[in-house]
Amino acid sequence: MNTIVCIKRVPDSATRVMIASDGTSLDPAGVKYIVNPYDEFALEEAIRRKEEAGAGTVTVIALGPAAAAESLRQALAMGADAGVLLRCEGSHDSLVVARALADEIRGREFDLVLFGKQAIDDDNMQVPQMVAEFLELPCATVVVGLEIDDGQATAKREVEGGHEVLEFALPAVVSTQKGLNEPRYPSLKGIMAAKKKPLEEKDVSLQASNIELVSLEEPPAPAAGRIVGEGVEAIPDLVRALREEAGVL
Amino acid sequence: MANVLGYAEIRDGEAGKAAREVLGAAHGLAAALGGEAHAVVVGGPGVREGAASLSGFAAARIFVGQDASLQLQQPDVAAAAIARLVESGDYAAVLFPATAQGKDLGPRVAARLGRGLATEITSLEASGGTIVARRPMYAGKAIATLRFSDGPALMSIRANGFAPVELDTGGAVEDIEVNAADARVRVTGLEQGDRDQVDVGEANIVVSGGRGMQGPEHWHLLEALVAALGDEAALGASRAVVDAGWRPHGEQVGQTGKTVSPNLYFAVGVSGAIQHLAGMRTAKVIVAINRDADAPIFGVADYGLVGDVFEVLPPLAAAIREARGEG
């Protein structure tokens, strides 16, 4: 089985966000970048299936700045076979990103396209479904269980208070959620091997979508809270505050 | 072109909170644009009856695609039907709920229409016909302002961000075409949890437990607090608790769990790691209960109570039950 995994380079969740002077982007100074955590479930799934089958390929595609090559190297170190960087600057609306990814994927030979369910920077949760629409393929999102047998897939997807079970034929697009597997760390051997694996880079230019990012601001600082008191004695004051000040009881 | 379409999610045959909030947001935006709020519903037998109630929540027209094959949500069939309705109508905007279903469906519709989609909107306005929306990004560490240059403006709205509007329009139900052949995936089952409880992602009140609860056997104390807070309250959990296997992942609040913005959030025995704060900092009122007065959670809490959770929880649940009983 041949799998394509799409990954994104994102700021680490522990990063302190500083808005750049243009007012629409992050100041990259001091920001640590990582492979989007949800994408690691997608990578692990693809690599594990290839290892178990003893056949097939795992191709990783990233769209982003030149530095996103580091993220691809990391995926290659985990066990992917080849990387493709679609190089472009700036942040872009999901629709145009999905179009560029679909254009790259179309024409390749694959059984499965995997994504993380969402990126932790824009939290959009859109690109997998949009790529599937552009490629006219079945799509299951937020998947925590995936069984494939003879070109037919059964996926378990997380919804409020439970799971949906979906059936579809391959090729298909699946977005992965925590719970699907436990992603591995790259081994030293994997890191060495990754240096020799093919990594293709090409420039892409994206059109604008109909959504314009006007500004990015820091959220208003939360109003200073207060400690109501200590222990059981403070309960009446807490309940009174919730009822009378906050009006939430 | 000034009408606004809201996707009304039907669960268990009823147009619930998510549907009403979408219609509330659609009504507000339509009023600013000089148009009407319309609802679209897609589902199995009985969905028409559930949808009819939306005329009491500002929907001037209610479009229903009902088919026996849609007893379970079929995303491709729904996406195709909604996209056809949007193309045949005159819509300035289309709103989805930021629920599991809405977030799966919205991008499918957007791609079919060739339009962008703004996710998890928390506020919305229209001036001079231009629609401007705001939403949190980077896990709530930044607020983005987005402008739609060209319609229809597609968005999903965050739970608890917009209030339902009780307004009887007398709006009638109109049937739209659904085509089961549009299905590329087939939803064949829905495995519901054994708890008849509102989901943590949508609840108006959330009670989250952290490592300070010391073990799953103490969760009955949190369940008692949830029960005291009423039907709109749900349990949440920190990542540490989920990773330890004390609680299911569906309850996890934070970076790798759910993002919640309830009106009232209790963090009980939760230290307040940055990954947890990412999932709940937009709650309107935050209460922290923790033995450690230096826990970072007190830095974001509106009200803090320093104390032993095992001593505090039972009398707190009793006091809240009493207070709500009076009100």
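Me: How many bridges join strand 14 of chain B to strand 15 of chain B?
Reply: Five, and the two strands run parallel. Strand 14 covers residues 205-209. Strands here are DSSP E runs of at least two residues, helices are H or I runs of at least four, and both are numbered from the N terminus. Two strands pair if DSSP finds at least two bridges between them.

Me: Before we go on, what sort of model is it, and how is it numbered?
Reply: It is a predicted model, where local features need pLDDT of at least 70, side-chain atom pairs count only at pLDDT 80 or more, and totals for chains, interfaces and linings use all residues. Residues are numbered from 1 along each chain as its sequence is written, while chains are lettered from A and ligands numbered from 1 in the order in which they are written.

Me: Back to that pair. What stands opposite Ile205(B)?
Reply: Ala233(B), in strand 15 of chain B.

Me: And which helix packs on the sheet there?
Reply: Helix 6 of chain A, residues 235-245. It touches strand 13 of chain A and strand 18 (303-306) of chain B. Angles run from 0 to 180 degrees between N-to-C directions, with axes fitted to C-alpha atoms, for helices over the stretch in contact.

Me: What's the strand order in the sheet?
Reply: 13(A)-18(B)-17(B)-16(B)-14(B)-15(B), an open sheet of six strands with parallel pairing. The edges are strand 13 (226-230) of chain A and strand 15 (233-237) of chain B.

Me: How many bridges join strand 13 of chain A to strand 18 of chain B?
Reply: Four, and those strands run parallel too. Within that pairing, Ile227(A) has Gly304(B) as its bridge partner.

Me: How many residues does each chain put into the contact?
Reply: 69 from chain A and 70 from chain B. Contact means C-beta atoms, placed from the backbone, within 7 Å. Among the elements of chain A that each supply at least two residues are helix 3, helix 4, strand 13 and helix 6. By class, the chain A side has 37 nonpolar, 16 polar and 16 charged residues. Nonpolar is Ala, Val, Leu, Ile, Met, Phe, Trp, Tyr, Cys and Pro; charged is Asp, Glu, Lys and Arg; the others, Gly among them, are polar.

Me: New topic. At what angle do helix 3 and helix 4 of chain A cross?
Reply: Roughly 50°, with the axes coming within 8 Å. That makes helix 3 of chain A oblique to helix 4 of chain A. For the cut-offs, under 35 degrees is roughly parallel, over 145 roughly antiparallel, 65 to 115 roughly perpendicular, and the rest oblique.

Me: Which residues meet there?
Reply: Leu101(A) and Ile105(A) are among those from helix 3, and Met130(A) and Phe134(A) are among those from helix 4. The contact has eleven nonpolar, one polar and one charged residues.

Me: Where is there a cis peptide bond in chain A?
Reply: One joins Leu170(A) and Pro171(A), with omega about 0°. Pro171(A) lies in the loop between strand 9 and strand 10 (172-176) of chain A.

Me: Is Met125(A) buried or exposed?
Reply: Buried, because Met125(A) has 27 C-beta neighbours inside 10 Å. Buried takes 20 or more other C-beta atoms within 10 Å, exposed 12 or fewer, and partly exposed is in between, with C-beta atoms placed from the backbone.

Notes
Contact = placed C-beta atoms within 7 Å.
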